[in-house]
Amino acid sequence: MKLLSFKGGTHPLERKELSSDAHIKRVEPPEIVYLPLSQHTGAPSKVIIEKKDEVTVGMKIAEGDGKISVPLHSSVAGVFMGVVDYPHPLGEKKPAMKIKVDHEKTGEWEGKERDPESLSPEEIIKIVRESGIVGMGGAAFPTHFKLQPPPDKPIADLIINGAECEPFLTSDYRLMMERTEDILKGVDIIRRVLNPERIWISIESNKMDAVEKMKEAASTYPWAKITVHATKYPQGSEKQLVQSITGLEVPDGGLPFDVGAYVQNVGTAVAIYEAVRYSKPLYERIVTVTGSVREPSNFLVPIGTPFEYLIEQTSGVIGELKKIINGGPMMGIAQVTGEVPVIKGTTGILIQNEEEIIPGQTSACIRCASCIDICPLNLMSTELYKFISMDNFDRAEELGLLSCIECGTCSYVCPSNIPLTQYFKYGKAMIAKRRK
Ligand code: SF4
Ligand code: SF4
């Protein structure tokens with residue numbers, strides 16, 4: 001079988017076997033959930049209820065503010081205690097809606113059923129926005145906006161991303177194993193909005209059972225083609241996926257639709273299906289909790305559940321807890337507290353104990369060029385690092401800093417342990433700040 005691939009990339013230790021057999025398990029909500037108003041790319045949502053109001057599961061509690069924003073829905077039944085400044089998994093404290101949970105009234109979703117075939121593309125886009133759907137692969141970009149590419153950029157290739165290349169994480173894998181048909185039904189809805197020429201469902205070669213399952217289910221959806229990709233990081237990045245399927249490179253600063261492609265995660269396809277078919281807003285998601293825990297798991301979690309509560313559900317940490325990471329080891333963000341809540345873009349929580357942390361001293365660059373050889377974007381990492389260290393952000397921008405997808409591959413291979421990706425994140429943030 002020919003495996004599709006892309007230039008550059010690396011092969012980090014996967015460790016997916018820790019949680020890959022753990023079936024998706026629904027988690028009962030904690031006593032309190034914290035729903036940050038900022039869970040997506042774009043303007044934060046605006047609160048539309050009053051303190052002490054009663055809320056129900058799936059009730060809209062904050063409105064999207066502008067075109068690139070989405071509403072927020074309660075993940076539990078209970079009482080709204082007000083907006084508080086609360087730790088956010090993407091850093092710092094941010095305003096969050098605090099809800100005291102009423103366990104008696106918190107049940108599963110019971111919504112109005114609809115026939116997706118009776119809806120126009122415009123009606124589907126409206127439902128997707130009203131349901132608060134964002135990209136579930138981590139980027140959390142509002143899906144209704146993404147479903148409206150510019151009219152002069154028709155979509156030839158719709159790519160459904162089931163690559164899940166980030167080590168340790170298995171939430172997309174479990175979704176493909178357990179909700180195969182729902183993914184395809186969601187893709188069918190996206191297909192009807194975008195009207196693409198071709199549809200690809202893309203999975204890495206380390207998940208062949210998911211490939212087989214998807215192929216079997218796709219036999220009744222003749223438009224769906226399953227592509228198998230080399231297991232290589234960062235295969236699941238949009239630009240790399242587009243390149244490995246179409247052979248086309250998304251231009252610097254461009255988006256997949258610039259080359260006629262559109263990428264959506266498998267989890268987003270299911271969220272779209274649930275919203276359109278069952279009127280279910282996005283208020284819960286699958287989260288892998290893995291690493292140095294006794295029972296690595298894939299949980300179906302009410303959004304707003306604190307990380308530390310989920311860690312308890314895995315029967316606890318093995319050894320001494322040293323690090324909590326939001327996401328996987330390559331692109332994840334280390335947390336200062338386990339109080340941070342699951343948000344719409346939380347794909348996993350990785351726990352590291354003292355044995356998992358490899359102390360490494362940073363030393364001077366030895367000009368080995370490993371970081372340049374493996375960069376999937378062909379970036380001159382050493383030059384970017386040099387100019388950002390000198391606060392010369394203009395030069396770093398000229399060298400393509402803004403194209404960096406922050407995949408972490410260069411940091412991973414650097415023998416001098418230079419945190420290159422952190423420099424690049426910092427450089428990009430400084431450029432964004434200056435523009436603002
Ligand atoms: S983090 Fe940026 S510079 Fe480093 S390998 Fe990834 S894309 Fe290239
Ligand atoms: S990998 Fe590290 S040591 Fe090698 S050239 Fe890049 S920054 Fe320098």
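**Ligand shells, cores and domains in a predicted model**

A residue is near a molecule if its C-beta atom, placed from the backbone, lies within 6 Å of it. Helices (H or I, at least four residues) and strands (E, at least two) are DSSP runs, numbered from the N terminus. Ala, Val, Leu, Ile, Met, Phe, Trp, Tyr, Cys and Pro count as nonpolar; Asp, Glu, Lys and Arg count as charged; the others, Gly among them, count as polar.

The model is predicted: local features need pLDDT of at least 70, side-chain atom pairs count only at pLDDT 80 or more, and totals for chains, interfaces and linings use all residues. Residues are numbered from 1 along each chain as its sequence is written, while chains are lettered from A and ligands numbered from 1 in the order in which they are written.

Ligand 1 also has 15 residues around it. The closest are C375, C404, C407, T409 and C410. Helices α12 and α13 each supply at least two residues of this shell. The largest share, three residues, comes from α13. The shell around ligand 1 divides into 10 nonpolar, four polar and one charged residue.

Helix α10 has S381, L384, Y385, F387 and I388 buried. A residue is buried if 20 or more other C-beta atoms lie within 10 Å of its own, exposed if 12 or fewer, and partly exposed in between, with C-beta atoms placed from the backbone. The buried residues of α10 pack against α9, α11 (393-398), α12 (409-413) and α13 (420-435). After α10 comes D391, with a positive phi near 60 degrees.

The largest nonpolar core contains 92 residues. Such a core is a set of buried Ala, Val, Leu, Ile, Met, Phe, Trp, Tyr and Cys residues joined through C-beta atoms within 7 Å. I159, A269 and I272 touch the most other members. Helix α7 (residues 266-278) gives the most to this core, with eight residues. A second, separate core has 18 residues, including I374, L377, F387 and Y423.

Beyond its neighbours within four places in sequence, I159 is in contact with W200, S202, L241, V242, I245, A261, Y262 and V263. Contact requires the C-beta atoms of two residues, placed from the backbone, to lie within 7 Å.

The protein chain is divided into domain 1 (113-278) and domain 2 (370-435). These bounds come from an automatic or database domain assignment. The C-alpha centres of the two domains lie 29 Å apart. Seven residues of domain 1 are in contact with seven residues of domain 2. On the domain 1 side, two of these are nonpolar, three polar and two charged.

Overall, the protein chain has 13 helices and 17 strands. Its radius of gyration is 21 Å, close to the 22 Å that the globule rule gives for 436 residues, so the chain is as compact as a globular protein of that length. The radius is taken over C-alpha atoms; the rule is 2.2 Å times the number of residues to the power 0.38. The C-alpha trace spans about 60 × 50 × 45 Å along its principal axes. Buried residues make up 48% of the 436 residues.
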